[in-house]
Structure formats: structure tokens, C-alpha cells
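These are my notebook entries on one structure, written up in the order in which I looked things up. The structure itself comes before the entries.

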Amino acid sequence: MVGKARSSNFTLSEKLDLLKLVKPYVKILEEHTNKHSVIVEKNRCWDIIAVSYNAMGGDRPPRTAQGLRTLYKRLKEYAKQELLQQKETQSDFKSNISEPTKKVMEMIPQISSFCLVRDRNHIQSANLDEEAQAGASPLQVILDHRPVAITVEVKQEEDIHSAPKEITVSKGQEEEPASLVKYFSVVWCKASKKKHKKWEGDAVLIVKGKSFTLKNLEGKDIGRGIGYKFRELEKIEEGQTMMIGGKEIEVMGIISPDDFSSGRCFQLGGKSPAISNFCQAAKKCFSNPLKSVYKPSSKENRQNSFCNCKPRHDPCAPNSLVMLRPDSRHQWMFNKNCFPLVDVVIDPHLVCHLRPHQKEGIRFLYECVMGFRVNDRYGAILADEMGLGKTIQCISLIWTLQCQGPYGGKPVIKKTLIVTPGSLVNNWRKEFQKWLGSERIKIFAVGQDHKIEEFTKSPFYSVLIISYEMLLRSLDQVKNIKFDLLICDEGHRLKNSAVKTTAALISLSCEKRVILTGTPVQNDLQEFFALIDFVNPGILGPLSSYRKIYEEPIILSRQPSASEEEKELGERRAAELTCLTGLFILRRTQEVINKYLPPKIENVVFCQPAALQIELYRKLLNSRAVRFCLQGLLENSPHLICIGALKKLCNHPCLLFNSIKEKECSSTWDKNEERSLYEGLINVFPADYNPFMFTEEESGKLQVLSKLLAVIRELCPAEKVVLVSNYTQTLNILQEVCKRHGYAYTRLDGQTPVSQRQQIVDSFNSKYSSDFIFLLSSKAGGVGLNLIGGSHLILYDIDWNPATDIQAMSRVWRDGQKHPVHIYRLLTTGTIEEKIYQRQISKQDLSGAVVDLTKTSEHTQFSVEELKNLFTLHESSHCVTHDLLDCECTGGKDHTGDALEKFPISRSCQLGPHPQKSHSLKPLSMAQLKQWKHFSGDHLSLTDPFLERIRENVSFFFQNITNQTTAI
Ligand SMILES: Nc1ncnc2c1ncn2[C@@H]1O[C@H](COP(=O)(O)OP(=O)(O)OP(=O)(O)O)[C@@H](O)[C@H]1O
Ligand SMILES: [Mg+2]
């Protein structure tokens, strides 16, 4: 805080020393650059400190008295070292420059990119008048943008403490262009007559015409005024002090409109250093990593004898994967003992298995956790789509950091903590074994028979794998272990900072944090903040300022009523946020591994509802509850209950029957809305209806499923099926179907003990397994599982969130799959399931990025219009989704999207009953769907033998084939 720094009490000799110490560095800079310059007054001697500090690799100039003291000490040490070396070598300063000096020189081109030198509010941090009284040499520092030029001159002091003038309020007349806006960085304090002011904080002054706004760094308004004299506001310049609205401010610098609209000026650390640092780092490294760069003293000699100066693996070998070398800033910060630089090379044993995108991912993870990408931040989010091998990338990272490091080859980490959903604990252990064998690295997976204490006691284990649930239970023990790297698998669950798991993980002191997630974060800016703040705490500032600086302008810009100015600001802020976080978020899509995978045949199957379903559906739609929903009183509307009932009915009427019976017996039956929804419904069922004796004919989808299983069994007897539902009760029905047909099955749902999950998965994947069907609850066990033993996957029901379904579908089409993969998504024609599907498609391209801030956020509420649409049964349509495609085919022929090209683009398919509004929807996904092969169930010749056998109960098909070489 600036105010604190002002109260620093350096002794006079310390200050003089400090200035002397700074001078040589200024000289060095001067010798190597000689360009145009701008004059900075003598009180900017602190600029030089900042320059020197940056030149030596410091992140940012100190902002506290303590910080200044530390800097002072380090400068002193640094100078001593330099002198010592000069003496040692007895050589001419210019021809044989010492290593620390070299470091400074190496940094010269970077200096101008450190915004801190220009950004005065970061360096105005000492009691300057004391300096003057102490008789220190006034310095004239000349800085230029690029490259930096600095000269030192002695100049007489000018009085810099003239009293601030209050800007007078204009009496009128002066006219000016209202659009002219200027931005300044300032420090402020409450108005007082004291000579030695104590600044209370940094702020941004926005001057627009005759008015101004003062915002603190959290983006909150702390002062406002209108009607000032335009002339005076226009003349505001750097260094000027003035009174505005009862506050005294000193102008530290001018902020470009670009820095304001991007929000960069509110970020204390500024992002430019980080980015430029990364770019520079990528370009150069000044020392030969294989050569010792520094003659160590005898003590260091001893230390060095312990370190390995040769890379662990040959960096020059063909196909070697060599990590980026640290830049000079990093070396200054982390190589205090001046160990030789050593190349970090990924173990060739691993490299030979890695896909190109995985190599890139390992480089990315390494640079993030080493702090190469963003100064002082060591976090990363690897958000590759499902099945891209996030596990192998992390294993490579752990193995590398555990054995190697850039400084003298010393390992960067000792212990790693991997936190993962319960069902994946053993999967991680197995993957370690798969890629590294059991000798290289000792892994400890916490389980019922493997208690944490064992890990704590044994020095052999370096990796602890634990489930989120277990972590919560044994947090105290985990906290007592020092972990150097933390990996959170399926880490999107940390998007809610209020939940216990997140709080527990935040409480761990480990700095290097990696989130793995295959599920894209939807467009919730607060969830996004939570993930970012977890991996790189504080990088976006406190939540309150994030809201003001990013969230509010972005949300505001999306309102239909937003002005052009608001839209522009929102877009700029969104772009800035994406750009800043893009440094440590990596997401690749499935396409990168498609070529390694077998063909995938995806089918959307529209199943005709059974007669009983139609009758019950009509009755439900006529219920008082549904009618109440459509009246528009959404607050107390029971629409979720109605939607739930319709979804159950689509799966099987017996589920609805069970619900009615349950409600009849329960105390909540009194609740009006449920009573009014189920009223008279029971009479539609046969009088002797027994839900346990359900039949397949009572559900359109179940009929299709039953036929599908039979044809798979017949045509591919060696292949297996993964059958997915979101509901345990539905899984019970599907299980019963398996029993009735004599299909061997296995099942994994929320109730399956964690300790048994991997075993169930392994046994299904084994070629010796006799199981034909894997019953999977997508919510409980969908994430992260490898079910490559199955090559047919049937999604029996649909979820609102496309990510849940994509998660499930990705279980089988992944690395290691040997057979062509068939995916079947069953939907009941004309019902709510189609509507959910349509909504999924129109939402899907929102989830294309980790977070796509340029897109509008998803709906969480339904409008009355939407509810009307949801609560409509389209009895006469073969496929409402196709009707909405605006496709000219009637489904009577084998129509594919190739025909699309015949029409102008403006005719591409649109979703929604109001074509005139369609541009606001997401035409792309629907257009893509239109390009899928599609045909109605009574189409004459179906080339797909599986579809051929189920067509009787199917009104329409969509089909898409990826990697169509040997398909079908
Ligand atoms: N380079 C590779 N060669 C062969 N198999 C690989 C390779 N990389 C990964 N795999 C295998 O691919 C499967 C999927 O990998 P992994 O489980 O790491 O995916 P993921 O990215 O974590 O996906 P999800 O988001 O679903 O958890 C695993 O069985 C893994 O062993
Ligand atoms: Mg995974």
C-alpha cells in the first residue's frame, strides 16, 4: 500500500547507499542504449530502483517499507557479488562482463515491457522530501519506450511540494466535446493541510468533459463531480496534485483508453509483465544449459557436488521432448545458488507413447507450474475434452518434476497430491502403472485398506491419490503433509467456492495447482472466477473488484438495452479476461485424437410413444398443474414437477405409476400442485396394473431398446453394450429387462461402493468377461471412466445439460477402443425429450470453449412461451426436430446434408418456431444436424443393419459417421 511505504524510515546512510547502489545499474543501461528519451523529474529516482529491480528479475517494485528494505539488501548483495567477480577476473569491465551484469544487460530489451516503470503508482513509494533533505544527488532519468535509455545528471532541486490547488467548479459557459474521455492513474487521500500526506490508496480518475469519476482499484466509485472548468480538467498532467470532491489526488500517470477498457489498469500486478515475460522467455535463454555459468565459491562447490549438471535424458536425441528453459527473471528469482542450467527432458520411455497434443500439453503444464507463464503464479487448468489423455499428461509432468529441474538438475517437487472422484482413484493408480510400471514411482491410493498414515510414515511414496470425499474426512492429516503439486481431477466441481471440498482444497498450502476437467465451464462468470482463483489465487483480484471490472460490464453489455458504449466496454473486458486467463488454460477438442480412433456411428433415434404413454401424456398436459404453469405466475409454478413427470412417463409409464402411489402415501401429498398434476391419472392405468410386471410394449423407447439389444447380440456376439440412464429407477427397469432376456450385466451407480468401482470397470473391459451389458448411471459414474470394453453405447434418456450426455458418450469412443463405436440416443417422438434435445443442440456451441465469454449465458428460467412449447405433445409429427430444421426433404428418402450446399447459406436450418427470430439462436449446430444423414422410419432401404431391425417402432433417424473408413 502506498501509504505504508511513505512512512518508511530508512536511515540517511541507507538511503545514500541505496542511491549509490542504483547508479551502476543506471550506468550499465546507459552504456548499452542511447535513444530518444523523455525527461523524468528528479523525484523519479525511484524509477531507477524499479528499473534495476526489474532488470534483476524482480517481479514488481516493492510497495511496502519492508519490501523496500528487502530490495535494498538484495541490491547490496548483488553489487557486492559483481564487484567480487570483477576483482576475481581482474579484467576490463566492458570486455569481460560479470555474470550478474550480464543478467542486467540481458534484461535490457525487456525493461520497457515492464509496465511498472511507466506506471508510476507502483513506484512512487518513498518519502521523497526526506531524500531531498538528505542531500542526495538529484537524478534526471531519461526513459524511452523501447529500448530504454537512461542518463544521470546532477540538477538543482525544484520544490515539488507546492500546495495542491482545488479545481474550481465552473460557473457555466465553457463548452467541450462530451465524448472526450481521459483516464489517469492517481493516488488519493482525504483532503488535509498536513505537509506529509499519507496516501490512502490508488485510484483511476476518469475525466469526461466537465465531469469526473474517481474509481478505486476494485472498480467502485469513490468520488464524483460535475460542472468543473473544462480548461482545468483538460490540463491535468502527470505529477500534478489537486483537490477533487474533497479528496486530494496526485496524478501518477496517464492511462490509455485501451488499458481502461480492457480493465488492465485496475490490475495491481498488471498483466503485461507476465505476458511479455512469457514471450521473451520463449525467445531466449542466455546461458548454455550444459555449461556451468558461474564459478562457485568453495561452499557452493560443495553444494554443487550434489547436483547433477547433465540432463537426465539426452536433449539432442531424435524425438526428445525438451522443456522450455527458464528466462533470466526466473533464474534470478529461483536460482540463488547459481547452479548450472540443465535441460529438463521428458523420459523417452513416456515420449514414445505420447500423441502430439499430449506433448504440447506437457509443455504447457510444465511452463505453468514452473511459473514461466505468469509471474509468481503456478497454476494451470487443463480442460481437454474427454478421452484426450489428461492423465498421461499429468503423469509425465509428475514424473519429470520429481526427477528433474532446470537448476543443477535438482528435482522441482517431492510429493504430489491427486484428488479425484472416488470412482477414479484406482484408475489413476492403474494409469501410473500402465505408463511408468511399478518400479519407477511409488503411488499410494487411499482406500479402505490403505490408510493415509501409511503414506505419512513411509518415505517411499511420492504420490498420494485420494477421493474428494476422503480428503474431506482426513483433511487434518493431509494438511500435515507438505505437497509440492496438487492435481484436482474432474476439477469443475471446484467451481463453487462455497462448498466444503473447495474450501478444504484452498486451505492446502501447495502453490502448484492443476485442475483437470473435460467438462467445459458454462458461461457462469462467478464459477469461472472460482476456478481461476483456485489455481492462481488473486490473479483476478478480489471477487468484489472482479465483479465490478469484468462481470458487471460483461453482463450489462449483453442486455438488449445496452448502449453501444456499454457493449463495447463489455466486449473489451471479456476479451481481456479471456486473454489473461488463456495463459494458463488449455483446451483441445476431440478432433485431435479422432485419427487414432476407430469410426464412430452416432444415431439419434426417435421412438414412437406407446398408446398408454400418449394417453397419460395428454392427461398430464390437461392437468390443473400444467395449466397453472402456463398462466405465467412463474415464482410458485410447479413446472419442474410437471417436467419431471413427463420425463418419467417417456422412460416408462410404470415410473409415473410408482410416483403417484408414493405420493399418495406420503405426507407431502397435500401439496396442491402435485395433487393437481396426478389427479385422475391412476384411472388411465389398467385396474390391475402392477408396476413390477411392466411390459416393453408400454414404452416406445423400451421396445426399441429391447430390439436393439437383440440385434447387437445377434450380429456382434463378441461386442458389449454400455446402457446409460440418469435415473436409478430407470436403471432398475433396464436391469429387469436384462434379466428377462438372460443378458449378463454389471452395474455402476451412485450406490456402488467406491472401492468396487474400478474392479467392475476392469472386469467389464476384460476380454474374458461374460457381461454383455454395463448399466451406468451417468450422473454417478459418468466422469472419467474408461469403458472401452463396450463398443455400443445407448443413452436411454436425455439430460438438460449436453455436457452430461457427452460425458457418457465419451466413455467408449476413446483411446484403446478396437471396434467401430455405435452410439444410440433414444428420444420419444413429439415429447418433451425432443424439446430438451433441441435445447441441447442450440446450447452446445456455448460449451465449445472452457468459457466462451462472448456468448450469452444460458437460461436458468423458462419463459411462459418456452413452457408452452415444452408442454405440447406433437402427435402427428414424425420428428419435430426435423420439422424445425426447415429442411426441404420429407424424410422419405435418404437425405444428407450434402444437399445443403445447393442452397444459399441464408437458407441454412434454423431452430425455433419463429424463423424471423432465428438469427439470435445458434444456427450452426442445427445446420450441422441437418447435414447428418436423416430419414424416417418407413424409409425403404436402411443400409445400417442395426437400424433396419428397430425401424418398426422408430419414426425418424439422424445418423452421423466420424472416421468413416471401415464403418459398419
Ligand atoms: N498416447 C496414448 N496412447 C494410448 N492410449 C492412451 C494414450 N493417451 C491416453 N491413452 C488412453 O486413453 C484413455 C483415456 O485417457 P484419460 O482417462 O487420461 O482421458 P481423460 O482426458 O482423463 O478423459 P476424461 O475427461 O474422460 O477423464 C485411457 O485409457 C488412456 O490409457
Ligand atoms: Mg480423466
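**Entry 1: α15 and α16.** Is the crossing of α15 and α16 left-handed or right-handed? I found the crossing of these two helices to be right-handed; a crossing is left-handed if the near helix is turned anticlockwise from the far one by less than a right angle, and right-handed if clockwise. I note at the outset that this is a predicted model, in which local features need pLDDT of at least 70, side-chain atom pairs count only at pLDDT 80 or more, and totals for chains, interfaces and linings use all residues. Residues are numbered from 1 along each chain as its sequence is written, while chains are lettered from A and ligands numbered from 1 in the order in which they are written.

I then looked up the packing angle, which is about 65° for α15 and α16, with the axes 10 Å apart. That makes α15 roughly perpendicular to α16. Angles under 35 degrees count as roughly parallel, over 145 as roughly antiparallel, 65 to 115 as roughly perpendicular and the rest as oblique. Axes are lines fitted to C-alpha atoms, for helices over the stretch in contact, and angles run from 0 to 180 degrees between N-to-C directions. Helices (H or I, at least four residues) and strands (E, at least two) are DSSP runs, numbered from the N terminus.

I listed the contact residues next: α15 supplies T391, I392, I395 and W399, and α16 supplies W428, E431, F432, W435 and L436. By class, this contact has 7 nonpolar, 1 polar and 1 charged residues. Two residues are in contact if their C-beta atoms, placed from the backbone, lie within 7 Å. Ala, Val, Leu, Ile, Met, Phe, Trp, Tyr, Cys and Pro count as nonpolar, Asp, Glu, Lys and Arg as charged, and the others, Gly among them, as polar.

**Entry 2: α14 and α15.** I turned to helix α14 (residues 356–369), whose axis comes within 9 Å of that of α15 and crosses it at roughly 50°. That makes α14 oblique to α15. I recorded this crossing as right-handed. On the α14 side I found Q358, G361, I362, L365 and Y366, which meet I392, Q393, S396 and L397 of α15. The classes here are 5 nonpolar, 4 polar and no charged residues.

**Entry 3: ligand 1.** Which residues come nearest to ligand 1? Of the 21 residues around the ligand, I noted M386, G389, T391, G518 and D815 as the nearest; a residue is near a molecule or strand if its C-beta atom, placed from the backbone, lies within 6 Å of it. The elements that give two or more residues to this shell are α15 (390–403) and α16 (425–436). I found that α15 gives the most, with 3 residues. By class, the shell has 4 nonpolar, 10 polar and 7 charged residues.

**Entry 4: α22 and α23.** Helix α22 (residues 543–558) and helix α23 (residues 564–581) pack at about 135°, and their axes are 8 Å apart. The two are therefore oblique to each other. I recorded the crossing of α22 and α23 as left-handed. The residues in contact include Y550, P553 and R558 of α22 and E566, K567 and L577 of α23. I counted the contact by class as 8 nonpolar, 2 polar and 5 charged residues.

**Entry 5: loop residues.** I looked up F871, which lies in the loop between α36 (864–870) and α37 (880–884). F871 is buried, because 21 other C-beta atoms lie within 10 Å; a residue is buried if 20 or more other C-beta atoms lie within 10 Å of its own, exposed if 12 or fewer, and partly exposed in between, with C-beta atoms placed from the backbone. Leaving out residues up to four places away in sequence, F871 touches L621, V626, L630 and C642. The C-alpha atoms of F871 and L620 are 9.2 Å apart, although the two are 251 residues apart along the chain.

I also checked two residues with positive phi. N319, in the loop between α11 (298–305) and α12 (328–334), has phi near 65° and is not a glycine. N319 counts as exposed because it has 9 C-beta neighbours inside 10 Å. E490, also not a glycine, has a positive phi of about 50° and is located in the loop between β14 (485–488) and α20 (500–506). E490 is buried, with 22 other C-beta atoms within 10 Å.
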